[in-house]
Amino acid sequence: MALTTVILAAGQGKRMNSDLPKVLQPLAGRSILSHILATTSNLGSQAINIVYGHGGELVQREFEHFSVDWTLQAEQLGTGHALKQALPSIPEDHEILVLYGDVPLVTEKTLNKLLSAAKGGVALLTAELGSAKGYGRVLRDKKNNVVAIVEEKDTTPEQSKIKEINTGLMVFPGKAIRGWIEAISSDNQQQEFYLTDVIALAVAEGVPVTGVLVDNADDIVGINNREQLASAERILQKRYAREVMDQGATLADPNRFDLRGSLKVGRDVFIDVNAVFLGNVELGSGVRIGPNAIISNCKLGDHSVVHEHCVIDGVVTGENCEIGPFARLRPGTQFDSQVKVGNFVEVKASTVISGAKMNHLSYVGDTQVGKGVNIGAGTITCNYDGASKHKTIIGDRVFVGSGAMLVAPLNIGNDATIAAGSTITKNVPEKTLSVARGKQSVIKGWKRPKK
Ligand code: UD1
Ligand code: CA
């Protein structure tokens, strides 16, 4: 049967106390709604219809590149009212899968299970939770058939003890739902048109309603407040951590692992605690990531090591590189193999050929560093004249003494030596020594000033 998926996402999310519409709150670095859309787009539905309202323009802008239909729910009068707004644009012979914009962790597998349970009738995804607080309860008769859903605020004390809850995810026959939606009222505690009231109406008409119990209750957590946002974040991060471990990485602690994007790892990777991965990251086999590393959009070659407290963004390295501790590598940086960057070194938009070392306290920007170069502590490439950036080219096997200022544009020939403390402003021919510093004066018998 043809399928339309409707995602209800018009609510404000009052309980978040936020200026941002709830469905745009970040979960693993991207909006809550984007997770649902990603899952939905694999279901093979003919159309995806998002019901939007609160913060509408922001929500639409975020997804302008997706091929989805938009339904405006100008006033948020409840989930039943929300679905009603979308119905006119859905063909009557379509089955309708309703998803809630604030239930983002549901998996494709679960949705497929729900869809196959409907068989032309109604299917409803339920869960058994340790604490059912905040959810609608599922009422079953003596034969264990679903008969109704009661919102928590409308439950009797007896009903509030029920542990089986409504996840909000349902499948409806496209024709019958139109009648039921017309028949619901807002005569309840919250004076809203509840979509959940449709269940009792379907049962009254003798339409089969199948309750499908979710295998893993973690998959259906709803996000209404920031505490639930945080627990959804951890559930998702643990899922990601498992995937990374399956690929061949050891995580020092899966509870202290954060991925906001995608991470591909080779075999025998080790990731220490509190590493954060952003964007697209690839780690070769045998790579080791120290604690508190922040790694964005990088590709690190086999057996490279990132020591603790490094911030690395937009970097590609070859094999066996060693970075940090306390290094900052910025976008456009490319290392060959066996490059070493030590503590308090910043490298930006530079190419470094194999075996080069810069072990301490340096800034290297817009630079090409040759093979086997040694850059002494405290070296700075002065790449900016206040108006433009200039390039520094350092040939193979150059030795730069400590505390050198290399004023760009500058070209240093192969095998040249730069004396410590020099300020180099002119090109350096190969195999030469350049000294550019004041001569030392020695004053004999010098007396220190007294206090
Ligand atoms: C809803 C269910 C409850 C279920 C829970 C699961 C109803 C009446 N209750 O409660 O049984 O246990 O979800 O998480 O459906 N929305 C609109 N327009 C509106 C109102 C809501 O689009 O007028 C959207 C919201 O943006 C949200 C979703 O519908 O994405 C659910 O609304 P919410 O107010 O969070 O419902 P709950 O109280 O959580
Ligand atoms: Ca909710």
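Mentor: Let us begin with a term: a pocket is an open set of grid points with protein on both sides within 12 Å along at least five of seven lines. Please keep in mind that this is a predicted model.

Trainee: What makes the space taken by ligand 1 stand out among the pockets?

Mentor: The space that ligand 1 takes is the largest pocket. Its shell holds 24 residues, and the closest include Gly78 and Tyr100; by class, the shell divides into nine nonpolar, eleven polar and four charged residues.

Trainee: Why is the approach of Tyr100 to ligand 1 called a polar contact?

Mentor: A polar side-chain atom of Tyr100 lies 2.7 Å from an oxygen atom of ligand 1, and the cut-off for N or O atoms is 3.5 Å, so the pair counts as a polar contact. Taken alone, ligand 1 exposes 750 Å², of which the protein buries 92%.

Trainee: Why is the pair of Phe257 and Phe277 called tilted?

Mentor: Four aromatic pairs are found in the whole structure. The ring centres of Phe257 and Phe277 are 6.0 Å apart, within the 6.5 Å that pairing requires; their planes meet at 40 degrees, whereas stacked needs under 30 and edge-to-face over 60, so the pair is tilted.

Terms used:
Residues numbered from 1 in each chain as written. Chains lettered and ligands numbered in written order. Predicted model: local features only at pLDDT ≥ 70, side-chain atom pairs only at ≥ 80, totals over all residues. Heavy atoms only, no water. Near = heavy atom within 4 Å. Polar contact = N/O pair within 3.5 Å; in protein donor to acceptor, adjacent residues only side chain to side chain. Areas by Shrake-Rupley, 256 points an atom, 1.4 Å probe, with all protein chains shown as cover. 1 Å grid on protein atoms, 1.4 Å probe; cavity = no way out; pocket = protein on both sides within 12 Å on 5 of 7 lines; lining within 4 Å. Sits in = over half its atoms within 2 Å of the grid points. Nonpolar A, V, L, I, M, F, W, Y, C, P; charged D, E, K, R; others polar.
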